[in-house]
Amino acid sequence: SDNMAIGAMKTLQERGLRAVGVEPSGNLAESSRARGLTVRQEFFDEASARGLLEDFHPAKLLVTRHTL
């Protein structure tokens, strides 16, 4: 569920790691932000990956859910 992803991101943040979410749904992105998470509202594609790289530098871990 989405609550599982939110819980995982919060746990990473609590352990001092930076967690950034990418969510195409406006209401889910806003709900996550309201819980203190960093979430970009967009589809994860090549353009958003480049933007994430520019804004946050290379990731050490990438987790995807509900993707093909």
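Select S48 first: its contacts (heavy atoms within 4.5 Å) include E42 and F43, leaving out residues up to four places away in sequence. S48 sits in helix α3. Helices (H or I, at least four residues) and strands (E, at least two) are DSSP runs, numbered from the N terminus. S48 is buried, at 3% relative accessible area. Buried means under 20% relative accessible area, exposed over 50%, and partly exposed in between, with a 1.4 Å probe and protein chains only.

Before moving on, note that this is a predicted model, where local features need pLDDT of at least 70, side-chain atom pairs count only at pLDDT 80 or more, and totals for chains, interfaces and linings use all residues. Residues are numbered from 1 along each chain as its sequence is written, and side-chain values use heavy atoms, with hydrogens and water left out.

**Along α3 and past its end**

Select A49, also in helix α3. A49 is partly exposed, with a relative accessible area of 30%. A49 and A34 are 15 residues apart in sequence and 23 Å apart in space.

Go on to H57, in the segment after α3. Is H57 buried or exposed? H57 is exposed, at 55% relative accessible area. Check its backbone too: phi of H57 is near 70°, a positive value in a residue other than glycine.

**Helix α1**

Select residues 2-14, which make up α1. The 13 residues of α1 should span 18 Å at 1.5 Å a residue, and the ends are 18 Å apart, which agrees. The expected span is 1.5 Å times one less than the number of residues.

Pick G7 within helix α1. G7 is partly exposed, with a relative accessible area of 31%. From G7 to E30 is 23 residues in sequence and 15 Å in space, C-alpha to C-alpha.

**The nonpolar core**

Select I6, M9, A19, A29, L37 and V39. These six residues form the largest nonpolar core. Such a core is a set of buried Ala, Val, Leu, Ile, Met, Phe, Trp, Tyr and Cys residues joined through side-chain atoms within 4.5 Å.

Centre on M9. What does M9 touch, not counting residues up to four places away in sequence? M9 touches A19, V20, G21, L37 and T38.

Next select S32, in helix α2. S32 is buried, with a relative accessible area of 10%. Leaving aside neighbours within four places in sequence, S32 is in contact with I6, L37 and V39.

**The largest pocket**

Finish with a surface view. The largest pocket holds about 1500 Å³ of space. On a 1 Å grid over the protein atoms alone, a pocket is an open set of points where a 1.4 Å probe fits, with protein on both sides within 12 Å along at least five of seven lines; lining residues have an atom within 4 Å of a point. Grid points are joined across faces, edges and corners, and the volume is the space filled by probe spheres set on the points.

Select V20, G21, V22, L62 and V63: of the 39 lining residues, these lie nearest the pocket's centre. Then colour α1, β1 (20-22), α2 (26-34) and α3 (46-56), each of which supplies at least two lining residues. Which element gives the most to the lining? α1 does, with eight residues.

Last, colour the lining by type: 24 nonpolar, eight polar and seven charged. Ala, Val, Leu, Ile, Met, Phe, Trp, Tyr, Cys and Pro count as nonpolar, Asp, Glu, Lys and Arg as charged, and the others, Gly among them, as polar.
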